[in-house]
Amino acid sequence: MRKSLGRIFLTLFIFLNASLAASTYRWSATANKTSAYLHEAIHLKYVCSFSDASELYTIDFNPSGEYEKFTLKNLSQSEHIVDGKRVNSYEFVAFAKEALEIEFEFEAVMKKTTKESIENTVLGRDNVQKEDFTKEPFAQKVLKVTVKETNTPLVGNFTIQEKKREPKVKAYEPYHIEVLIKGVGNFDAIKPIEFNIEGVKVFAGEVQKEYILKDDGMHGEWSQKFAFVSERDFTIPKIEIPYFDLQEQREGSLLLDATDVSVEAGFSKEELLDEEPKESFEFDLSYIYYLLAFAAGFLVA
């Protein structure tokens, strides 16, 4: 029984050692464009293909983060076995911060199980203090992209719309609108909208942003709500947000026309305020009866 068990361990060790020596890998790196506009999405893809299933390899590769010349966001990571061979894929989306040539130059670390680690696992040597992996740095192919300048930080493909009802309210009744911007691009570059209208109190809600990252940028929606209160007619100014249209390859504007709001006479400001409760006193004839009864009793006494 001991011989049989020993042979199993030996066979397993030989097999793992042979697999360790036989496994090879090859990296590839691609960018979806060689030139881009400032703040335009740049899709980067890195693929590691192995010669077999390569169970003994692990990969340390996640360069996403903030850099001096660009921001790199993690899009996806995957691992598959194709025809018995392992394939690891890493996808990122970069956004340039400056108009110049950018070099995407990253490094992966290939970790491979060592002979000592296999022996310790097979023989049960839990107290052995040795490195479990050998680490091999791998310099990725340098990807170069030329970045072109734009006159606005907002870049993408957008549409703008406004949710509102009939522009007619009573005095001091709030008139509500909601501005929505939908499309693909760097939504973080859209600043909150501000209104300054004489004689009108403006209540602005917090900006709401909902988007997901895809290989061509952020897909989603930007919105902000407003309420306007006044005692007389007023005009909400037009909204114009400049941006660079990637589809048309030119500068454009997201435009909403001005809105004239008619204010009808209604409640006064004082009527809209809660009145303080007043103590009231009602005269009752019974009070005279009690007063006379008291006086009579006093005289009799």
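Modeller: Start with what a strand is here: a DSSP run of E, at least two residues long, numbered from the N terminus. Gln224 is found in one such run, strand β17. Keep in mind that this is a predicted model.

Colleague: How many helices and strands does the chain have?

Modeller: The count comes to 4 helices and 21 strands. The chain has 301 residues, and buried ones make up 34% of them.

Colleague: Why is Gln224 called buried?

Modeller: Its relative accessibility is 3%. Buried means under 20%. Gln224 therefore counts as buried.

Colleague: What surrounds Gln224?

Modeller: Leaving aside neighbours within four places in sequence, Gln224 is in contact with Ile177, Glu178, Val179, Pro192, Ile193, Ala204, Gly205 and Val207.

Colleague: What makes the pairing of Gln224 with Ile193 a polar contact?

Modeller: A polar atom of the Gln224 side chain lies 2.9 Å from the backbone nitrogen of Ile193. The cut-off is 3.5 Å for a pair of N or O atoms, one able to donate a hydrogen and the other to accept it.

Colleague: Now Glu91, in strand β7. Why does Glu91 count as buried?

Modeller: Glu91 has 19% relative accessibility. The limit is under 20%, so Glu91 counts as buried.

Colleague: Which side chain makes a polar contact with the Glu91 side chain?

Modeller: The side chain of His43 does, at 2.7 Å. Glu91 also touches other residues beyond four places in sequence, including Leu44, Lys45 and Asn74. Asn74 is 17 residues from Glu91 in sequence, yet their C-alpha atoms are 6.6 Å apart.

Colleague: Why is Cys48 called buried?

Modeller: Cys48 has 0% relative accessibility, so it counts as buried. Cys48 is found in strand β3, residues 41-50. Its contacts outside four places in sequence include Tyr25, Trp27, Val87 and Met110.

Colleague: What share of contacts joins residues at least 24 apart?

Modeller: The share is 71%, among contacts between residues at least 6 apart in sequence.

Colleague: What makes a set of residues a nonpolar core?

Modeller: Members are buried residues of listed nonpolar types, joined through side-chain atoms within 4.5 Å. The largest such core has 28 residues, and Val179, Phe228 and Phe234 touch the most other members. Elements that give this core two or more residues include β12, β14 and β17. Apart from this core lies another, of 27 residues, among them Ala29, Leu44, Phe104 and Ala108.

Colleague: Which residues does Phe228 contact?

Modeller: Beyond four places in sequence, they include Tyr175, Ile177, Phe195, Val202, Phe234 and Ile236.

Colleague: How many residues line the largest pocket, and which lie nearest its centre?

Modeller: There are 13, of which His39, Phe95, Asn186, Asp188 and Ala189 lie nearest the centre. Strands β6 and β7 each give two or more residues to that lining. About 270 Å³ of space lies in this pocket. Its lining has 7 nonpolar, 3 polar and 3 charged residues.

Colleague: And what lines the second largest pocket?

Modeller: Thr152, Pro153, Leu154, Ala189, Ile190, Lys191, Ile241 and Pro242. By class, that is 6 nonpolar, 1 polar and 1 charged. Pro counts as nonpolar, and Lys as charged. The space in this pocket is about 160 Å³.

Note on methods. Residues are numbered from 1 along each chain as its sequence is written. This is a predicted model: local features need pLDDT of at least 70, side-chain atom pairs count only at pLDDT 80 or more; totals for chains, interfaces and linings use all residues. Side-chain values use heavy atoms; hydrogens and water are left out. On a 1 Å grid over the protein atoms alone, a cavity is a set of points where a 1.4 Å probe fits but cannot get out, and a pocket is an open set with protein on both sides within 12 Å along at least five of seven lines; lining residues have an atom within 4 Å of a point. Grid points are joined across faces, edges and corners, and a volume is the space filled by probe spheres set on the points. Buried means under 20% relative accessible area, exposed over 50%, partly exposed in between (1.4 Å probe, protein chains only). Contact means heavy atoms within 4.5 Å.
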